[in-house]
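Please look through the structure shown below, and keep it in view while reading the short report that follows.

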Amino acid sequence: MPDLPVTAAAAAPADGTALLAATPDRMRGALGHFASGVTVVTTATEGPDGPHAHGMTANAFTSVSLDPPLVLVSISTHARSHRRIDDSGRYGVSILGAGQGPVAHHFAGGAQSPEAVSLEWRDGLPLVGGALVHLACRVRQSHRAGDHTLFVGEVEGLWLGSGGPLVHYRRDLRALAGPAPTAAGDPEAVSVRARALAPASVPPRAPAPAPVPPQALAPAPVPPQAPAPVPDRTPAQDPGPTAVREHAPHQAPAPAPVPHQAPDPRRDPNLGTDREERPAHAR
């Protein structure tokens, strides 16, 4: 059968939607449907009283290579962290856990929760305490892409924890269940700095008990049983007519209507765009 020409009418979506221009607002709304993890990208600058930590919330983070270990973060050219990472040549990545929504909002310019933020310094970089993963990276390449720069970093230090992740989907933060949380850097965590670990000793196993040979057992004799006596039965007594009580079906009270609430713009971390970071002194 010959190929049929595709007309404009045949190519139109079934729901009748029109082709839209990819404006920044539409791009942000469309790409918000891509669920992703949430990170805080940090770096340090030198101040008169010592190093200062700076961070910004971002979900534009991805793995690039395993050998060598490379990751990528996309930073807006309007963010102050862009210049600071470009100057220092290093950045840290903290992958947030399920209970760290206030931390994400804090570093995204939303509701400020300094009491929820603790910083840990590892290999000269500030990292968010309680995160699932800590990465210490050195910039190897940078590529300008529109209004962002892609900073490709080589992972020089890695610390692992466990637990459920924090997820960004459609301008909202959600939590996923996972194993019992363990912060990166805890004794149970793993570091690439300690590769030469002695293999764990395997405790000796107790010898298995010797098998017992089966024995042919004669079945025990069953004594004869006399038939049980059958009691005399009398005709059932008619209890007489019974009053039938009708019950109305149970109905749960109707729930009170919930008034529509407009979304709070402070709750939208607007991850990976031009949100500014919140500086914090080194601890």
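This is a predicted model: local features need pLDDT of at least 70, side-chain atom pairs count only at pLDDT 80 or more; totals for chains, interfaces and linings use all residues.

Strand 11 covers residues 166-169 and is joined to strand 1 by 2 bridges, the two strands running antiparallel.

These strands belong to an open sheet of 3 strands, arranged in the order 1-11-12 with antiparallel pairing. Strand 1 (36-37) and strand 12 (172-175) stand at the edges, and because each has a single partner strand, one side of each is left without a neighbour in the sheet.

## Helix 3 and what it packs against

Helix 3 spans residues 80-88, and its buried residues are Ser81, His82, Arg84 and Ile85. An α-helix has 3.6 residues a turn, so residues three or four places apart point the same way. The buried residues of helix 3 pack against several strands, among them strand 2 (39-47), strand 3 (50-58), strand 5 (69-76) and strand 6, and also against strand 9 (133-145) and strand 10 (148-160).

After helix 3 comes Gly89, which has a positive phi, near 75 degrees.

## Arg90 in strand 6

Arg90 is placed in strand 6, which is made up of residues 90-95. Is Arg90 buried or exposed? Its relative accessibility is 12%, and because buried means under 20%, Arg90 counts as buried.

A polar atom of the Arg90 side chain lies 2.8 Å from the backbone oxygen of Asp123. When neighbours within four places in sequence are left aside, the residues in contact with Arg90 include Ile85, Asp123, Gly124, Leu125, Arg138 and Glu156.

Methods
Residues are numbered from 1 along each chain as its sequence is written. Side-chain values use heavy atoms; hydrogens and water are left out. Helices (H or I, at least four residues) and strands (E, at least two) are DSSP runs, numbered from the N terminus. Buried means under 20% relative accessible area, exposed over 50%, partly exposed in between (1.4 Å probe, protein chains only). A polar contact is a pair of N or O atoms within 3.5 Å; within protein, one must be able to donate a hydrogen and the other to accept it, and residues adjacent in sequence count only if both atoms are side-chain atoms. Contact means heavy atoms within 4.5 Å. Two strands pair if DSSP finds at least two bridges between them.
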